[in-house]
Amino acid sequence: VEKSGMIDTWLMKHRLIYTGATRHPLILSIRDGTVDLSAYKRWLGQDYIFVRAFVPFVASILIKAWKESDDATDMEVILSGMASLNDEIAWFKSEAPKWGVQLTDIVPQKANQDYCRFLESLMSLDVKYTVVITVFWAIEAVYQTSFALCLEDGSKTPAELRETCQRWGNDGFGQYCNSLKKIANRRLEKASDDVLSAVEVALLRVLELEVEFWNMSRGDA
Ligand code: HMH
């Protein structure tokens, strides 16, 4: 098996679920301007809870990079990711009141609980750096790809949602995702078949969980 560019190989193999995660009906409705704003508000509240749980997961990756990585710059990319999560939390706190969303009242829905529990399972020291760095890339890349779609020429994204789309769809965030992808591909090149299988399973689980997460915005959970 040709191992270089493993991520693109997997994305081609699993393109149906990847497309489901990156071109979800919520995203398509933002892009075509027909978005139901109550769906956006549900997503906003749930994503705030998710991002808070994402921070300790990323912290656990930082520790694994420091212990296991052969490249000292990995840690700097992960640290920049943590810094953007700090900005994201501040952004949610300023965005929520604009929509009448009370962040302290949010009850995590099942898909969110499932996702947070999955992240917690990956925080175990038994889970390899190669697995978690690839999962980290996938989680960030789904949002980057999704929201960048809402900024493309011809998109009819409502003005009040453009800033949200910019947050994850901007070029800087795209470059950061590419840095994560390079790290993941480099690790995957040297990985054993057992690790490769574990990463592929985890990657598919992320894509499923992302679809379920977007589905929560429908509010029929
Ligand atoms: C559910 N996936 C979800 N929320 C996010 N904020 C991201 C990915 C990207 O940070």
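Ala, Val, Leu, Ile, Met, Phe, Trp, Tyr, Cys and Pro count here as nonpolar, Asp, Glu, Lys and Arg as charged, and the others, Gly among them, as polar. Keep those classes at hand for the tour.

This is a predicted model: local features need pLDDT of at least 70, side-chain atom pairs count only at pLDDT 80 or more, and totals for chains, interfaces and linings use all residues. Residues are numbered from 1 along each chain as its sequence is written.

**Stop 1: the whole chain**

Show the protein chain as a cartoon. Its secondary structure comes to ten helices and zero strands. Helices (H or I, at least four residues) and strands (E, at least two) are DSSP runs, numbered from the N terminus. The pattern along the sequence reads α-α-α-α-α-α-α-α-α-α. Now switch to the C-alpha trace. Along its principal axes, the trace spans about 50 × 35 × 30 Å. A compact globule of 221 residues would have a radius of gyration near 17 Å, and the chain agrees because it has 17 Å. That radius is taken over C-alpha atoms, and the globule rule is 2.2 Å times the number of residues to the power 0.38.

**Stop 2: the ligand**

Select the ligand. Which residues surround it? They are D47, F50, V51, I139, E140, V142, Y143, E210 and F213. A residue counts as near if its C-beta atom, placed from the backbone, lies within 6 Å of the molecule. Color α4 (37–68), α7 (129–149) and α10 (193–215), the elements that give two or more residues to this shell. The largest share, four residues, comes from α7. By class, the shell has six nonpolar, no polar and three charged residues.

**Stop 3: α7 and α8**

Two packed helices are described by the angle between their axes and the distance between the axes. Axes are lines fitted to C-alpha atoms, for helices over the stretch in contact, and angles run from 0 to 180 degrees between N-to-C directions. α7 and α8 (residues 159–169) pack at about 140°, with axes 7 Å apart. That angle makes α7 oblique to α8. Angles under 35 degrees count as roughly parallel, over 145 as roughly antiparallel, 65 to 115 as roughly perpendicular and the rest as oblique. α7 passes α8 in a left-handed crossing: the near helix is turned anticlockwise from the far one by less than a right angle, while clockwise would be right-handed.

Show the side chains. Y143, Q144, F147 and A148 in α7 meet C165, W168 and G169 in α8. Contact means C-beta atoms, placed from the backbone, within 7 Å. This contact has five nonpolar, two polar and no charged residues.

**Stop 4: α2 and α10**

Next, select helix α2 (residues 15–22) with α10; they pack at about 40°, with axes 8 Å apart. The crossing is left-handed. I17, Y18, G20 and A21 of α2 touch L204, L207, E208, E210 and V211 of α10. These residues divide into six nonpolar, one polar and two charged.

**Stop 5: α5 and α9**

Finish with helix α5 (residues 73–95) and helix α9 (residues 171–189), whose axes come within 10 Å and cross at roughly 140°. That makes α5 oblique to α9. Their crossing is left-handed. Pick D74, V77, S80 and G81 of α5, then Y176, S179, L180 and I183 of α9, to see the contact.

Notes: Two residues are in contact if their C-beta atoms, placed from the backbone, lie within 7 Å.
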